[in-house]
Amino acid sequence: MSNVKELDQLVEKYKVLKKEIHKVIVGQEEVVDQVLISMFSRGHCLLVGVPGLAKTLLVNTIAQSLGLSFNRIQFTPDLMPSDIVGAEILNENRKFEFVKGPLFNNMVLADEINRTPPKTQSALLEAMQERTVTAAGQTYQLPKPFFVLATQNPIEQEGTYPLPEAQLDRFMFNIWVDYPTFEEEMAIVRSTTQDTEVNIQQIMSSEEIMRFQALIREIPVAENVLEYAVKLVGKTRLNDTSAPQLTKDFITWGAGPRASQYLIIGAKCHAVLKGKYAPDIEDVKAVAKPILRHRLVRNYKAEAEGYSMDKIINELL
């Protein structure tokens, strides 16, 4: 396998990359891992957590360490599609020209994505799936690699629009960002309440990222691992023969085929970063929660009986 050397290189780079990110980000090990796994799997991420947990800082730091162009869009209820995609304007020669919006970057942070109306959210759909933007009948390619990292505030408030299922499905991972531990918070407060300049080194180039993305897709997967992933997703569907009682009791809507695809790609990436050359069932389990979390819909009974999404997924595993 000629790729073994390159895969080992990826693991080395990954360790250096994490060290670099943790110069700025305290703790949040799992969050950093999951964001990076989704990036190397060509996936997008949804970061869910209350305000002030350094979600924006994390994305910015990762962009710097990967040498990617980065833009942050603050989603508000009056944001229009042209504000993010770009618009046609009359130039000085009285000709229409397309001025590219903030979406034309390698890494786009959609901050508080659930605050903007569906019309503007839908402008992201094409970008996330086809990596293109259509404006005034012209189709423009977005730069490669292209990632959308969206943040969402889980506190139900006025003025938020829940994301449509089709859009949620385009996010590979739904990453839950939790409060820091006591020790972590001490370290955060200590380092952020004084003026210290932290210089982030660029660890990878966009060409390397794209090469690693291709490498991960070339990794072979055993038949039993494929079967496990597809069966796991099947178990979440009500009318599937393999659906357990748990699904019938608590889930109204199961996961689609994208979940199975992402489970395999995510497992491949997880395996590689752990120094293995092929994924096993443990790797599928390791990425199952962030992949299934936003693809299943619980019913009232689940909420009433205190069955959280993660608890349901744990039992399915």
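Biologist: Which residues do ring pairs link into a cluster?

Modeller: This is a predicted model. Ring pairs make a cluster of Phe-98, Phe-104 and Tyr-140.

Biologist: How many residues apart in sequence are the parts that the pair of Phe-40 and Phe-212 ties together?

Modeller: The rings of Phe-40 and Phe-212 sit 6.4 Å centre to centre, edge-to-face, with 80° between the planes. Buried means under 20% relative accessible area. Phe-40 has 2%, so Phe-40 is buried, and Phe-212, at 4%, is buried too. Phe-40 belongs to helix H2 and Phe-212 to helix H8, so the pair joins parts whose separation in sequence is 172 residues.

Biologist: Which residue takes a positive phi in the hairpin of S6 and S7?

Modeller: Strands S6 and S7 run antiparallel, joined by four bridges. Ala-135 stands opposite Gln-138. Two residues lie between the strands, and the one with a positive phi, near 50°, is Ala-136.

Biologist: Where does the largest pocket lie?

Modeller: The largest pocket has a volume of about 1,000 Å³. Its lining counts 33 residues, and Leu-168, Asn-174, Arg-293, His-294 and Leu-296 lie nearest the centre. Residues of both domains line the largest pocket, so it lies between domain 1 (1-207) and domain 2 (219-316).

Biologist: How many charged residues are in the lining of the largest pocket?

Modeller: Sort the lining by class. There are 14 nonpolar and eleven polar residues. The charged residues number eight.

Technical notes
Residues are numbered from 1 along each chain as its sequence is written. This is a predicted model: local features need pLDDT of at least 70, side-chain atom pairs count only at pLDDT 80 or more; totals for chains, interfaces and linings use all residues. Side-chain values use heavy atoms; hydrogens and water are left out. On a 1 Å grid over the protein atoms alone, a cavity is a set of points where a 1.4 Å probe fits but cannot get out, and a pocket is an open set with protein on both sides within 12 Å along at least five of seven lines; lining residues have an atom within 4 Å of a point. Grid points are joined across faces, edges and corners, and a volume is the space filled by probe spheres set on the points. Ala, Val, Leu, Ile, Met, Phe, Trp, Tyr, Cys and Pro count as nonpolar, Asp, Glu, Lys and Arg as charged, and the others, Gly among them, as polar. Domain bounds come from an automatic or database domain assignment. Two strands pair if DSSP finds at least two bridges between them. Rings of Phe, Tyr and Trp (its six-membered ring) pair if their centres lie within 6.5 Å; planes under 30 degrees apart count as stacked, over 60 as edge-to-face and the rest as tilted. Buried means under 20% relative accessible area, exposed over 50%, partly exposed in between (1.4 Å probe, protein chains only).
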